[in-house]
Amino acid sequence: MHSISEPSTENTPAYGTDDASYQAAGEFEGLVKLVDHFYDAMEQLPVAQDIRAMHPEDLTESRDKLACFLSGWLGGPKRYSAKYGSIRIPRAHAHLPIGSAERDAWLACMEDALTHMDYADDFKKYLMEQLFVPAERCRTRD
């Protein structure tokens, strides 16, 4: 992650420092809830139809992979690499036709998911800003 935002309370470490973001997300249990809301949004939002079609019918593994990725990405346990091996985001998505519209649809699903989470507003904003980076790295066209 690139920039560090200051959280709303003075005694809390800045997001992006150590495991502050992982803690703010509710640790792995919170990430699983976030990911569940994310994939629910992908199933329901019209803007997400194309990206939903890029996923398998059964989203069980997709849900687990995203939660595991977010765990390590937010400074928590490196669950993705422990379970699935190293992740190379561009290579993992190279076979998919992902342009700006698909990237933005993915981010819209995450933004929708965040509305269901009891996260501090500044953490939600920070997370969306930071998630743009891997979302952009997934882009394979335009």
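Colleague: Which residues does Arg141 touch, not counting residues up to four places away in sequence?

Modeller: This is a predicted model, where local features need pLDDT of at least 70, side-chain atom pairs count only at pLDDT 80 or more, and totals for chains, interfaces and linings use all residues. Residues are numbered from 1 along each chain as its sequence is written, and side-chain values use heavy atoms, with hydrogens and water left out. Contact means heavy atoms within 4.5 Å. With that cut-off, Arg141 touches Pro97, Ile98, Gly99 and Glu102. Pro97 lies 44 residues from Arg141 along the chain, and their C-alpha atoms are 6.6 Å apart.

Colleague: What joins the side chains of Arg141 and Glu102?

Modeller: A polar contact is a pair of N or O atoms within 3.5 Å; within protein, one must be able to donate a hydrogen and the other to accept it, and residues adjacent in sequence count only if both atoms are side-chain atoms. Here the two side chains form such a contact at 2.8 Å.

Colleague: Is Arg141 buried, exposed or partly exposed?

Modeller: Buried means under 20% relative accessible area, exposed over 50%, and partly exposed in between (1.4 Å probe, protein chains only). Arg141 is partly exposed because its relative accessibility is 38%.

Colleague: How many disulfides does the rule give?

Modeller: A disulfide is a pair of cysteine sulfur atoms within 2.5 Å. The count is zero.
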